Amino acid sequence: MELLLMKKSSSISTIFTKKIIQMNNVSTSYDSKNYALKGINLSIDKGTNYAIVGKSGSGKSTLLKLMNGMMSPSEGTIKIEYQTPKMNDKNFKVLMHKIGYIPQSLGLIKNISVLENVLIGALPRLGKIQSMFKIFPEKEIQEAKNILKLVGLSGKEERKAYMLSGGEKRRVAIARALMQKPTILLADEIVSELDQATAREIMELISDAQKRMNLTAIMVHHDIRLALEYSNRVAVIQEGEKILEIGIEGDKIMDFETGGLTNQEILEMYSDESKK
Ligand SMILES: Nc1ncnc2c1ncn2[C@@H]1O[C@H](COP(=O)(O)OP(=O)(O)OP(=O)(O)O)[C@@H](O)[C@H]1O
Ligand SMILES: [Mg+2]
């Protein structure tokens, strides 16, 4: 018995987890008076697409900022692959470089080319001197061109970012994030403001990248229908609180958190039409 136990414990040295992000009772505030988020619990499986939906000001962007360490919770705990996200923490920096973050404003540099914008994603893995002078090895340039092809922007490598359409700008932001070789992609309203067809193209692009790279995507959306269509789970945030976590199973919308609302009520509450 003892031998068996010893054998077992000596051979098991690493714990593997399917959960890539976990938040336990997380609250945060910008001014230490009002909560931007309150009592958030969530758990995201590796390789899945997790959507965050809610009205303007509900706390969606704040939630993403907590996940990449730009903000810290005032209460509760966050773990990303067992680490606490904190921007200035040396240990977290290694993991942070594997988190592709696309802010709501996209964060492109307007006056440089599409290719240069994408190459910015490679900076964390280059040496200090190379980074400082933005000297990119041929291998990285080739990689950036391959990614641009993947996102449908071949032939536009030299175009300045400000000359692109809204949809194209989003493709560049995705390409820059993919250039990081991320394990997690955080995208803040990347398809809001686009027409349905372009929004779907971008979502297909992300689904495809997820399959190729076993990427976990956490995406903020305004339209709950689109979120349900492309995501495994959709968290609905209202005034800083997570009030629902839903997903499609077969032909049903499953409520994983709470009960009580009909499908129609959920859709009516949070569909795009209700933004007005
Ligand atoms: N830098 C800041 N300083 C102070 N308060 C902020 C700041 N950023 C956001 N807030 C407040 O925190 C709350 C949540 O904001 P957040 O940007 O997370 O909302 P959101 O759901 O992303 O909204 P939107 O859909 O308009 O982008 C809001 O009340 C907002 O006014
Ligand atoms: Mg926002």
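This is a predicted model: local features need pLDDT of at least 70, side-chain atom pairs count only at pLDDT 80 or more; totals for chains, interfaces and linings use all residues.
**Leu-64.** Residues are numbered from 1 along each chain as its sequence is written, and chains are lettered from A and ligands numbered from 1 in the order in which they are written.

Leu-64 and Leu-186 are 122 residues apart in sequence, yet 6.7 Å apart in space, C-alpha to C-alpha. I checked burial next: Leu-64 has 24 other C-beta atoms within 10 Å and is therefore buried. The cut-offs are 20 or more other C-beta atoms within 10 Å of a residue's own for buried, 12 or fewer for exposed and anything in between for partly exposed, with C-beta atoms placed from the backbone. Leu-64 lies in helix 2; helices (H or I, at least four residues) and strands (E, at least two) are DSSP runs, numbered from the N terminus.

**Ligand 1.** I asked which helix gives the most to the shell around ligand 1. Helix 2 (residues 60-67) does, with three residues. I listed the residues around the ligand, among them Tyr-30, Lys-60, Ser-61, Thr-62 and Gln-104; a residue is near a molecule if its C-beta atom, placed from the backbone, lies within 6 Å of it.

**Helix 6.** I found Ala-144, Ile-147 and Leu-148 buried in helix 6. They cover an arc of only 100° around the axis, which puts them on the same side of helix 6; the arc is that of the directions from the helix axis to the C-beta atoms. Glu-138, Lys-139 and Gln-142 are exposed on the other side. I looked for what covers the buried residues, and this includes helix 4 (114-119) and helix 7 (166-179). Gly-152 follows helix 6 and has a positive phi, near 80°.

**Strand 8.** I counted five of the six residues of strand 8 (residues 233-238) as buried, so the strand is largely enclosed by the rest of the structure. Strand 3 (residues 49-54) runs parallel to strand 8, joined by five bridges; pairing requires that DSSP finds at least two bridges between two strands. Tyr-50 stands opposite Arg-233 in strand 8. Strand 9 (residues 241-249) pairs with strand 8 in the antiparallel sense, also over five bridges, and Val-236 stands opposite Leu-244 in strand 9. I noted that strands 8 and 9 form a hairpin with two residues between them, and that Glu-239 in the turn has a positive phi of about 45°.

Note on methods: Two residues are in contact if their C-beta atoms, placed from the backbone, lie within 7 Å.
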